[in-house]
Amino acid sequence: MSTFIAVLFWFSTAVIILGLAYKIRQYWVTPAPLKIPTTPAPTTKTGVVLRMAREVVVFESLFKSNLWIWIFGWMFHVSLFLVLARHLRYFQEQPWFLVNIVQPFGKYAAFGMVIGLLGLLARRIFVDRVRYISSPSDYLMLIMLIVIGVSGMVMSFIQHTDIIAVKEFFLAWMGFSIAELPDSLPLIIHLVMVAVLLFIFPFSKLLHAPGVFFSPTRNQVDNPREQRHLSDWAAKLESDKPQG
Amino acid sequence: MADFETPEVREHIHIPKLQPGVMESSGPFIAKPDHQEPLGFPGELVDNWEQKAIDAMGEAVKKYRGLAVFMDSCVKCGACTDKCHYYLGSTDPKNMPVARQDLFRSVYRKYHTPAGKFLSKLGLEWLIGAKSMTKEVLDDWHNYYHQCSECRRCSVYCPYGIDTAEVTMAARDVMAQVGQGQKYSNEIIGKVYKIGNNLGLPEPALADTLEGLEEDIEDETGVKVELPLDRKGVDILLVTPSADFFAEPHVDGLMGYAKVFHEAGVTWTLSSKASEAANFGLFIGNYENMRKISLRIREAALELGVKRIVFGECGHAWRVAYSFLNTLAGPFDFLDQNYPIPQHICEFTHDLIQQDKLKFDPSENDWMTLTFHDSCNVARASRMGDEPGGQFRIPREIIKTVCNNYVDMAPETIGEGTYCCGGGGGLLTDDLMSVRVKGALPRMTALTNVVQDEGVTHMAAICAICKSQFTKVLPYYNLGMDMVVSVHQLVSNALILTGQETDEEDEEQTAEAATE
Ligand code: HEM
Ligand code: HEM
Ligand code: SF4
Ligand code: SF4
């Protein structure tokens with residue numbers, strides 16, 4: 001079992017790293033030939049950084065548009081962030097100071113995460129507009145995250161696992177060797193699902209995480225009159241232009 | 001014509017239950033070969049169009065980062081589902097922004113993503129909502145991508161700023177490239193290439209019209225205000241939508257611009273070559289056509305030797321001018337760099353007001369109570385002045401300077417959240433009347449509320465399409481078609497020209513109109 005999990009994780013870790021690198025490179029090199037920020041938009045780079053920060057940290061546009069999705073969605077993401085921060089301890093010999101601070105909250109963040117996810121799932125099932133736009137994969141994604149969350153909670157609150165052993169396993173794993181994992185069903189479920197999550201990340205809508213930073217409607221500076229914006233492929237059309 | 005029902009205006013804008021398929025066959029006429037070919041598109045649906053469309057989608061995603069990010073990033077959160085006026089007015093779920101995007105995304109997923117390609121091999125593409133390119137899909141594209149006014153309201157509310165307008169443009173471009181364009185937009189672009197403007201108004205007719213307007217102004221004010229055409233060596237080239245030359249209430253706006261220029265003491269001209277501010281290349285999502293149309297303005301400015309370019313009241317034209325003109329037809333290093341290039345007529349007038357250079361008698365507009373419709377492209381795709389949001393402030397300040405009675409509509413229906421008039425984005429055609437009337441519902445609801453509660457009598461706009469659309473759809477909602485006015489019409493009413501005779505007769509007339 002330990003070997004299986006180790007190999008699975010090497011595989012899905014490679015997929016997410018290479019996949020995201022490929023996608024980010026694609027977003028990076030694909031030109032945005034026209035200035036299309038959704039206005040009113042910041043007129044300076046600093047302004048754009050602040051706008052982006054508000055989108056990523058407090059989901060500003062979502063807050064404007066739908067309070068319920070915002071509540072559940074934000075609760076889920078903030079909790080996810082805390083949970084992941086807490087998880088760093090499995091990968092670091094000596095966890096960072098900040099990771100230690102997060103530990104106590106991180107544990108209860110699991111509730112926020114699962115409640116948020118259940119809320120989002122309920123909307124998907126009961127609001128006719130959201131149901132109409134949902135594919136099976138949209139439900140599966142939420143269910144998968146709920147399973148990850150619940151199996152984690154089982155370990156934290158009900159059926160404790162030897163987390164020292166888990167840590168040793170992953171420290172060894174990072175050095176490309178295989179240690180023994182504790183024998184625990186919730187742990188196996190947790191880890192298999194996490195491996196699936198890592199694997200599908202670069203092929204699915206989870207690309208929203210890198211995508212948001214590359215969205216031209218949010219990351220462009222509103223200065224088209226002051227600064228000429230010309231993409232490479234558009235520049236090739238320039239030769240026929242009447243000259244002044 | 002009226003084979004559809006005007007939706008019922010309720011007290012508040014209401015999110016309707018889904019009624020799949022109600023707008024299924026409400027698409028526009030398909031372009032004929034004569035409309036397609038001058039734009040460089042095949043005359044009719046080509047052989048093997050499925051594969052060609054798939055290839056064109058791949059090309060589009062390589063050319064536009066926005067499209068690439070939008071295709072991948074949508075999480076189907078549903079935040080945008082109730083933000084489109086066409087959905088609110090028609091109840092058809094495919095008019096929800098994300099569903100509209102999905103018409104394109106589902107095909108993109110199948111042919112251009114690893115997940116789609118892999119799952120299709122297993123016959124499991126339905127898991128991720130991927131679909132084949134079929135005739136039914138093309139029909140849906142044609143229908144529903146022409147029920148989007150590219151207004152960008154959805155993009156304001158999407159957590160990633162996904163702009164359905166960009167997807168609509170890409171889909172329309174793909175369709176045109178495989179031979180299925182839209183008649184209305186393509187025919188108009190053809191006229192611009194052939195004659196110089198959307199209406200196909202040739203130079204002599206234009207000169208005639210302008211002369212008529214000069215006479216009208218002189219009759220009314222006793223002052224000779226010129227509307228020059230193709231005059232070389234002047235300060236300003238005015239580029240304005242061709243509807244301003246004859247349509248009501250547009251033409252009153254044009255007379256307003258002329259009076260403002262006159263009072264400012266600047267010299268100016270219109271151009272017969274660039275006798276059109278509109279740029280339907282934007283609507284059909286085709287960069288090359290949009291660029292070609294824009295270059296006429298550069299040419300005209302060079303030929304006439306002007307120092308500045310000013311745009312008249314038009315929404316999408318201002319988007320193309322403000323956001324794209326520098327890219328498409330710049331750099332404008334031959335113009336006077338002390339002024340914004342290009343400048344909006346409202347910026348021009350507002351500056352003069354700030355400098356106290358214009359004299360007004362706002363009581364001339366006292367018989368009206370005004371509200372202001374923010375046009376989508378001005379609100380969400382451009383700016384006026386130096387500060388973000390100037391596009392909302394500047395026109396309102398102008399109106400409040402020249403009118404005493406002004407109220408805003410409900411806050412969520414103006415500013416960046418403004419509802420489209422229902423006729424933008426290449427939909428201002430009779431074959432889309434049901435779409436236009438239904439799409440106007442949210443705006444008509446907000447307007448009806450201020451009419452009933454605040455006694456609003458008129459709505460000012462700064463967009464030729466909005467003005468024409470409202471004139472047509474207001475009666476469907478039991479409102480008067482002449483409720484729509486141009487902002488510069490209000491300016492014109494109140495502006496006191498130097499040397500103008502203020503006669504009794506004039507005042508009597510306004511008094512009469514007020515009691516009507
Ligand atoms: C830069 C970081 C991220 C940002 C700004 C972000 C933002 C958002 C926003 C605004 C939404 C829509 C509202 C909602 O349903 O919650 C969303 C949805 C979602 N996010 Fe993220 N996210 C980020 C990272 C992640 C990561 C790392 C995951 C991985 C587990 C994730 C998983 C999801 C899922 C599954 C949904 C869809 C929820 C549903 O089905 O309704 N997000 N995200
Ligand atoms: C290789 C990656 C991961 C490992 C080794 C791992 C391991 C664990 C372990 C051992 C626990 C139990 C903690 C305890 O008993 O106190 C746990 C809990 C939990 N895990 Fe994970 N996990 C991983 C990834 C994830 C991911 C990606 C998520 C979220 C999407 C997640 C969500 C949770 C939650 C919500 C809990 C319960 C709350 C907590 O104790 O923090 N885990 N995980
Ligand atoms: S751009 Fe406007 S018309 Fe098009 S889907 Fe979005 S809200 Fe609707
Ligand atoms: S708001 Fe944006 S992410 Fe959410 S469903 Fe609409 S387009 Fe997709």
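How far is a nitrogen atom of ligand 2 from an N or O atom in the side chain of H190(A)? In this predicted model, the separation between the nitrogen atom of ligand 2 and the side-chain N or O atom of H190(A) is 2.8 Å, a polar contact (a pair of N or O atoms within 3.5 Å; within protein, one must be able to donate a hydrogen and the other to accept it, and residues adjacent in sequence count only if both atoms are side-chain atoms). Residues are numbered from 1 along each chain as its sequence is written, chains are lettered from A and ligands numbered from 1 in the order in which they are written. Local features need pLDDT of at least 70, side-chain atom pairs count only at pLDDT 80 or more, and totals for chains, interfaces and linings use all residues, while side-chain values use heavy atoms, with hydrogens and water left out.

Two further polar contacts involve oxygen atoms of ligand 2: one lies 2.8 Å from a polar side-chain atom of R86(A), and one is 3.3 Å from a polar backbone atom of M155(A). Two or more residues of the shell come from each of α4, α5 (97-126), α7 (136-158), α8 (163-174) and α9 (185-200) of chain A, where helices are DSSP runs (H or I, at least four residues), numbered from the N terminus. Helix α7(A) supplies the largest share, seven residues. The shell around ligand 2 has 23 residues, and those that come nearest are R86(A), H87(A), Y90(A), S156(A) and H190(A); a residue is near if one of its heavy atoms lies within 4 Å.

The iron atom of ligand 2 has H87(A) (NE2) and H190(A) (NE2) as protein donors, 2.0 Å from it; donors are N, O and S atoms within 2.8 Å of the metal (3.2 Å for Na, K and Ca). H87(A) belongs to helix α4 and H190(A) to helix α9 of chain A, so the pair ties together parts 103 residues apart in sequence. H87(A) is partly exposed at 26% relative accessibility, whereas H190(A) is buried at 10% (buried means under 20% relative accessible area, exposed over 50%, partly exposed in between; 1.4 Å probe, protein chains only).

Ligand 1 lies between chains A and B. The residues that come nearest, of 23 around ligand 1, are G73(A), H77(A), R124(A), H208(A) and Y160(B). Its iron atom is coordinated by H77(A) (NE2) and H208(A) (NE2) at 1.9 to 2.0 Å. These two residues link distant parts of chain A, H77(A) in helix α4 (residues 67-87) and H208(A) in helix α10 (residues 208-214), 131 residues apart. H77(A) is partly exposed, with a relative accessible area of 27%, and H208(A) is buried, with 13%. A polar side-chain atom of K205(A) lies 3.5 Å from an oxygen atom of ligand 1. Helix α4(A) gives the most to the shell around ligand 1, five residues.
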